[in-house]
Amino acid sequence: MQPVSHKTVNQVAGPLLFVDKVENAAYGEMVEITNAVGERIRGQVLDSRAGLAIVQVFGSTMGLNVGQTSVRFLGETARISVSDEMLGRVFDGLGNPRDKGPTIVSKQKVEIVGSAMNPYSREEPSEFIQTGISTIDGMNTLVRGQKLPIFSGSGLPHNALAAQIARQAKVLSASESFSVVFAAMGITSEEANYFIRQFEETGALERTVLFLNLSSDPSMERILTPRLALTTAEFLAYERETHVLVILTDMTNYCEALREISAARDEVPGRRGFPGYTYTDLSTLYERAGKIKGRKGSITQIPILTMPADDKTHPIPDLTGYITEGQVYVSRDLDRGGVYPPIDVLESLSRLMNQGIGKGRTREDHRGLADQLYACYAQGKDNRALSAIVGEEALSETDRKFLKVAERFEKMFVKQGINEDRSIEQTLDIGWDVIAPLSDSEIKRIKPEMIEKYRRRATTTTTR
Amino acid sequence: MRNGYLIAASVVFVLAGTSRWAEALREISGRLEEMPGEEGYPAYLGRRLAEFYERSGRAVVLGPDERTGSVSVVGAVSPPGGDFSEPVSQNTLRVTRVFWALDASLAARRHFPSINWLNSYSLYTDDLRNWYVANIAKDWPAFRSEALEILQKEAELQDIVQLVGYDALPESEKGTMDVAKMIREDYLQQSAYDPVDTYSSIRKQYLMIKTILDFGHMEAEALKTGATATQVAAFPVKSKISKIKWTPEEQVEAFIKEVEGDMAQEFAGLKQEIKVQQ
């Protein structure tokens with residue numbers, strides 16, 4: 001079908017164009033908009049009615065007028081050319097080169113909406129990924145094909161944490177091909193530079209694809225950016241048999257772009273002004289993580305979101321938490337206490353942890369030890385609150401012991417260097433060290449034979 | 001603002017009243033009958049703030065010689081009722097990397113500049129570590145984290161003190177409280193009306209915090225050997241330390257030498273006293 005140009009723009013409202021006398025616009029169809037001076041901007045059909053199409057513009061609508069703007073309907077939905085050449089490249093939020101390299105030319109132009117994974121073909125994730133970070137490996141284990149978001153706040157080191165995970169993540173069994181797809185939505189150029197520098201320094205850039213929509217770029221692009229990234233990831237994972245780690249940051253900016261469009265369309269707002277379909281929309285992104293039976297590759301997602309005012313009941317973290325398989329919670333209290341990475345394990349959770357750990361995967365004492373650490377830390381933190389009121393002297397001896405264990409847990413187990421890559425063995429041994437002050441009878445979550453086997457070992461092998 | 005990049009100057013751009021700007025945005029949005037986002041602000045509030053702050057930066061200007069220009073933006077946000085959880089504050093925090101939280105309760109106590117030391121942060125601390133080490137002193141980063149730790153500890157102890165009183169604290173914690181007080185009153189607090197105290201060079205700041213932390217170390221040592229915090233609190237050198245900030249830059253090195261001498265002497269005297277008692 002020959003693309004047709006329309007000069008029937010009726011209204012420009014915020015990021016939207018209302019085009020009259022359009023009969024055959026398809027929902028989601030891409031359009032090319034030419035303004036009065038001949039500049040071209042891309043857009044997408046958001047709403048198609050008889051005689052009317054509402055077009056969302058990827059770019060500024062400043063200077064678009066009603067009389068001279070022409071809109072050309074391209075007859076296809078948003079697609080991206082995918083190829084192996086994308087590795088090591090930097091693209092903007094619409095998939096155009098940002099690094100002055102050539103445009104990607106490929107026979108394969110894939111729709112970025114992506115088709116849903118057949119639930120029957122979905123394979124349950126079960127391979128342990130070692131991130132080298134004790135609080136994740138030991139207590140909230142990440143497995144291949146999982147979606148595990150980082151819940152953070154402004155001013156917290158979530159970017160450093162995500163970069164550390166991207167640098168250190170590996171699967172213990174074999175050296176299979178591994179790549180990173182990084183999608184930035186509305187982050188500052190400084191943050192983007194930080195990630196690029198991190199990938200460069202470790203030589204990871206050549207197996208990384210970056211899609212960058214910075215905070216000075218059009219916010220409407222943010223709707224497409226994660227989809228471009230996930231489509232690229234799917235190509236690498238299922239056609240090139242690569243294990244792909246997708247980092248999406250910052251999901252809060254994505255949701256705000258969603259809200260901006262919703263408001264411009266005069267939709268009835270839901271909680272905090274976010275549209276009622278925020279949950280559905282987020283699921284179409286998060287649910288693209290996983291593994292497919294019979295295919296070698298996998299997609300593991302780490303979305304990062306910043307909770308406004310550290311409020312975890314805010315719709316974005318709330319709805320995200322319903323879809324993802326747990327969360328890593330970055331705590332301001334720990335950060336203030338000088339602990340890096342400031343991960344609060346009590347608020348964190350990995351729902352797929354049990355599939356990835358235990359004998360043959362990590363170590364047989366893993367589950368029990370993790371439970372014991374959780375129990376001790378929770379108890380210790382309660383005692384800390386109590387001692388703040390009555391003073392440490394007034395606590396019983398056992399309570400003081402737990403207080404000490406909680407202290408040791410934060411100082412020895414949670415706290416580690418930004419370049420410290422701990423093996424799972426090290427992590428577990430440190431865990432045993434943390435509970436060293438407890439007597440055998442106080443360790444109730446670990447089977448006696450495990451205590452027998454690993455406790456002595458830990459105290460002899462580690463130097464702490 | 002762009003001139004900073006055109007003529008390669010270093011420009012600080014101070015925008016006082018982001019909140020009023022956002023209110024104007026809300027007013028216009030309301031008249032346009034746009035669907036509101038949070039608290040009546042338009043849904044594009046966050047985008048507009050981000051677009052503004054993203055214009056700050058450092059760039060090599062076009063031209064044959066490699067000159068760099070920079071624009072640093074300091075935006076003042078004044079949320080209603082000092083509530084930082086409202087949309088303008090939160091959207092600003094998401095795109096900026098340094099946060100100075102002005103605290104009404106500090107201002108009420110006439111602690112100026114009333115920047116809350118626990119809520120404020122800078123994400124440049126690690127980036128600047130090398131600069132501090134090269135330009136001020138090797139131990140500056142360590143001093144910074146130690147001082148912050150003491151203040152953090154003080155905030156925790158404050159809760160207990162309010163319930164049981166200062167006297168019920170163990171001696172070592174009384175010591176921590178005393179040092180924290182010195183950091184707050186002799187180092188953080190400055191008077192903008194005093195010709196000397198209004199501007200402290202970074203070198204002077206370093207010497208001040210070093211003296212206070214040294215005092216803290218000596219006190220901790222003394223408390224371990226059986227001294228009481230009350231004894232240390234009576235030291236005449238303490239009032240001398242609080243005078244450092246009034247001392248002009250060119251005399252400060254000499255004055256601090258004097259203070260350190262007094263400090264060593266008085267702590268030695270205390271040690272002697274305790275020995276005699278035992």
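**Overview**

Of the 278 residues of chain B, 40% count as buried, that is, they have under 20% relative accessible area, where exposed means over 50% and partly exposed in between (1.4 Å probe, protein chains only). This is a predicted model, in which local features need pLDDT of at least 70 and side-chain atom pairs count only at pLDDT 80 or more, while totals for chains, interfaces and linings use all residues. Residues are numbered from 1 along each chain as its sequence is written, chains are lettered from A and ligands numbered from 1 in the order in which they are written, and side-chain values use heavy atoms, with hydrogens and water left out.

**Chain B**

- Chain B contains 12 helices and 5 strands; helices (H or I, at least four residues) and strands (E, at least two) are DSSP runs, numbered from the N terminus.
- The radius of gyration of chain B is 24 Å, well over the 19 Å given by the globule rule for 278 residues, so chain B is more spread out than a compact globule. The radius is taken over C-alpha atoms, and the rule is 2.2 Å times the number of residues to the power 0.38.
- The C-alpha trace of chain B spans about 80 × 55 × 30 Å along its principal axes.
- Among contacts (heavy atoms within 4.5 Å) in chain B between residues at least 6 apart in sequence, 63% join residues at least 24 apart.

**Interface between chains A and B**

- In chain A, 30 residues are in contact with 28 residues of chain B.
- The two chains bury about 2700 Å² between them, with 49% of it on carbon and sulfur atoms; buried area is the accessible area (1.4 Å probe) that two parts lose on being put together, summed over both.
- A:Ser154, A:Glu260 and A:Arg336 supply 19% of the area that chain A buries against chain B, more than any other three residues.

**Helix H7 of chain A**

- In helix H7 (residues 315-323) of chain A, 7 of the 9 residues are buried, so this helix is largely enclosed by the rest of the structure.
- The buried residues of H7(A) include A:Pro315, A:Leu319 and A:Ile323.
- Their cover includes strand E14 (150-152), helix H5 (251-264), helix H6 (278-286) and strand E20 (298-306) of chain A.

**A:Asn383**

- A:Asn383 belongs to helix H10 (residues 366-390) of chain A and counts as buried at 5% relative accessibility.
- Leaving aside residues up to four places away in sequence, A:Asn383 touches A:Leu395, A:Asp399, A:Phe402 and A:Leu403.
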